[in-house]
Amino acid sequence: MWQIRQAPDESLRNYVDRFSKMNAETKDTTDDRSTMIFVHSILPGELYDSFVDNMSKTLMEARARAEKRIHLEDAKDLKAKAKQEVASPQTKKGESPKTDSNTPRRSFRDRNYSPSQGKRKFEGESPRPATPVYIIEEIFSILSDKDFIKNCGERQPPQPGEDPTKFCKFHQRYGHLLFECRSFRALVNEYIENGYLTGYKGIEGSLPKAARPLFLSDDPRGAPSSMPATSKADGKKVVLSIFGYHSGLRTRRHQKVCKVELPPLLPDIIFTAGDLPRGRINRDDPIVVIAEIGACDVHRTLVDTGSSIDILYLCAFNEMVVGPCKPLPPSMTISSFSDDIYRPAGYATLRVALEEGPRRMEKEIDFIIMDAPSGYNAILGRPAIATFQMVASTYHLCLKFPTPFGVTTIRGDRAGASKCFEINARLHTNYMDPRDHALPPVEQNDHVTVADEKTVLISKNFPDNEKLALTALLFEYFDVFAWEPSDMPGIDRAVAEHPLSLKPGVAPVRQKKRNFGGEKQHMIREEVEKLLAAGFIREITYPSWLANVVVVKKNSGKWRMCVDFTDLNKACPKDFYPLPKIDRLVDSSAWYSVMSFVDAFSGYHQIRMVEDDEEHTSFITDQGTFCYKVMPFGLKNAGATYQRMIDTVFKNQRGRNVEAYVDDVLIKSVCVKQHLEDLREMLDTCRTYNIKLNPLKSIFGSSYGKFLGHMMSARGIEANPEKIQAIQEMKPPQTVQEYKS
């Protein structure tokens with residue numbers, strides 16, 4: 001190839017064609033060597049000087065610059081010929097040349113146009129296709145190397161009527177050139193249209209009229225194919241030019257013109273009802289798998305058909321300890337779908353394995369190393385999907401790919417997908433759509449010991465690197481929690497106490513004692529003993545007001561004792577202290593990434609009754625008559641009194657980092673560090689006013705939870721799954737009668 005030189009009288013077009021043919025026939029050359037020979041064999045001039053100033057990195061880039069120069073020279077020649085025709089003595093000044101009505105109009109797009117002939121003139125050259133010759137020559141070379149073109153035998157001598165100056169390497173016959181061969185063009189386009197020949201971008205162009213027709217007996221393709229050759233309605237074919245990765249990323253083995261992988265026979269890959277996951281699923285879940293990358297099991301690996309590159313995030317890459325990544329050009333950037341620009345840290349070629357056992361498949365994948373926040377550890381994009389020949393179905397939440405032992409099915413990790421979404425929700429709170437993913441009704445929590453085998457609940461989704469700081473904070477304020485009634489001294493009367501404010505002149509009412517069965521009677525006895533031990537009630541004689549107890553069943557199946565204060569509530573005026581609007585509280589609590597839900601230990605019982613009104617809360621049981629020393633449930637204005645106390649205690653935090661509706665209290669923060677500060681402020685307030693929290697019902701550091709009947713999270717406000725479960729599970733009508741009802 002070093003003997004190739006552009007002759008002094010040779011056009012640049014002929015030199016490029018001659019070099020392309022020679023380069024396609026040379027097997028032991030490299031892209032760097034071919035680029036150097038191509039550039040240094042050009043005659044000195046503007047094109048050669050441009051290469052000296054800015055050397056092309058690949059042969060493809062050098063050829064593209066040469067093609068631009070060829071088009072520029074053609075345009076100059078065309079303008080020069082036009083000037084000669086205007087100044088021709090055959091045409092008088094001021095007259096326009098007469099032309100026949102059948103002569104086509106002159107077009108500056110037609111090279112070497114001859115008005116005298118009325119048709120294109122190529123001066124001994126064959127008509128050039130829309131695609132450069134070297135592209136077609138290199139495609140033929142690659143198909144030959146892959147044994148996708150059968151050997152048509154030895155070169156046949158020219159037959160009568162065939163042009164001996166034109167030879168087709170595809171048919172091994174004379175009469176036409178390779179780029180004029182209709183059979184070869186149809187074969188290449190079939191491979192492109194069916195996805196077997198990748199890396200080409202279409203250039204519109206019609207086939208030469210003199211090209212050979214395509215016959216079944218004239219089809220020397222090597223790889224069997226069940227798909228017939230197709231063509232467009234207008235008879236045009238499409239040849240695709242090269243595009244793809246940055247030249248600095250692809251190594252030499254990737255710097256070929258294209259990559260053809262035609263297996264002898266691809267198995268049919270189908271998805272059936274048996275591939276559907278069991279149980280209730282979210283159809284919007286991504287396909288997240290566990291992939292073996294670089295001899296490490298990498299969880300939270302996303303299979304993304306929308307990603308044009310394969311990504312490995314820097315935190316996961318550092319944990320794998322597979323060595324440093326290779327550098328990339330400083331100018332290379334990665335753009336996300338939201339137009340965010342990231343600069344990669346480098347790239348690494350790692351071996352990726354999927355599945356275990358005999359159907360295990362291993363491929364080498366080039367990963368871009370990204371230093372960016374993400375809920376995923378790695379992303380397998382379209383390059384990896386094409387390498388493994390994967391077919392993914394988000395509806396079935398699985399992917400399949402062929403192996404020598406059959407088609408392998410890999411199911412998505414649903415738990416991993418939920419984990420990824422929750423992490424991304426905390427990272428990108430401003431970009432989440434509440435409809436993207438349904439939250440589980442209950443979040444998983446960890447029991448953390450703070451003192452003497454006493455535990456509190458911390459969300460499992462709380463970051464591990466900050467969990468120790470949260471545990472230390474709760475240990476510091478362990479006296480704010482009450483594990484039994486004796487740990488609850490009560491709120492100071494100066495802060496809050498509950499008066500009855502009976503209407504004057506109302507006659508007291510003594511209800512007749514009710515009798516209960518054995519199980520309920522046993523529960524009432526235990527509850528009275530518990531209240532006496534805690535100091536919440538005291539025994540009383542000669543009460544003026546007397547009420548019965550009522551037993552109701554809780555959601556847990558246990559019984560609860562209440563007092564029927566119906567008559568007493570009629571004698572009390574209403575307290576018009578305003579309660580917060582639930583809609584405002586819900587709207588103010590949404591879109592926060594970290595929340596804590598706290599519950600006071602027997603909240604109403606932490607507020608004392610006015611001493612003169614204690615005897616009015618008397619009730620009767622088989623054990624005797626008793627009255628409340630603390631505010632009981634069921635009184636008319638108990639909610640207003642408790643809300644007044646909450647507003648007084650948290651007046652500096654309400655609306656900022658605390659939202660409360662009676663005994664439902666929420667601490668909200670935009671980030672983890674801020675949440676620790678907000679928690680400290682809230683716990684310090686509880687310690688100041690002797691408010692005790694229930695450790696079994698309080699959850700700290702949660703990413704989502706229930707508040708006032710809604711699911712609150714960084715994504716916004718969602719319906720409580722438990723509230724709409726009946727509607728979701730409702731079966732559609734099956735009969736005409738059911739439709740009418």
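How many aromatic pairs does a search of the whole structure find? The search finds eleven aromatic pairs, where rings of Phe, Tyr and Trp (its six-membered ring) pair if their centres lie within 6.5 Å.

The views below show a predicted model, in which local features need pLDDT of at least 70, side-chain atom pairs count only at pLDDT 80 or more, and totals for chains, interfaces and linings use all residues. Residues are numbered from 1 along each chain as its sequence is written, and side-chain values use heavy atoms, with hydrogens and water left out.

**View A. The aromatic pair of Tyr15 and Phe19.** A pair of aromatic rings is described by the distance of the centres and the angle of the planes. For Tyr15 and Phe19 these are 6.2 Å and 40°, and the pair is tilted (planes under 30 degrees apart count as stacked, over 60 as edge-to-face and the rest as tilted). Because Tyr15 and Phe19 are four residues apart in helix α1 (residues 12–25), about one helical turn separates them; helices (H or I, at least four residues) and strands (E, at least two) are DSSP runs, numbered from the N terminus. Tyr15 counts as buried, at 0% relative accessibility, and Phe19 is likewise buried at 0% (buried means under 20% relative accessible area, exposed over 50%, partly exposed in between, with a 1.4 Å probe and protein chains only). Ring pairs join Tyr15 and Phe19 with Phe38 in a cluster.

**View B. Lysines over phenylalanine rings.** Lys400 lies over the face of Phe271, 4.8 Å from the ring centre. The charged end of Lys574 sits over the ring of Phe576, at 6.0 Å from its centre. A charge sits over a ring if NZ of Lys or CZ of Arg is within 6 Å of the ring centre and within 35 degrees of the ring normal.

**View C. Two cysteines, Cys315 and Cys686.** Cys315 counts as partly exposed because its relative accessibility is 49%. Cys686, at 2%, counts as buried. The count of disulfides (pairs of cysteine sulfur atoms within 2.5 Å) is zero.
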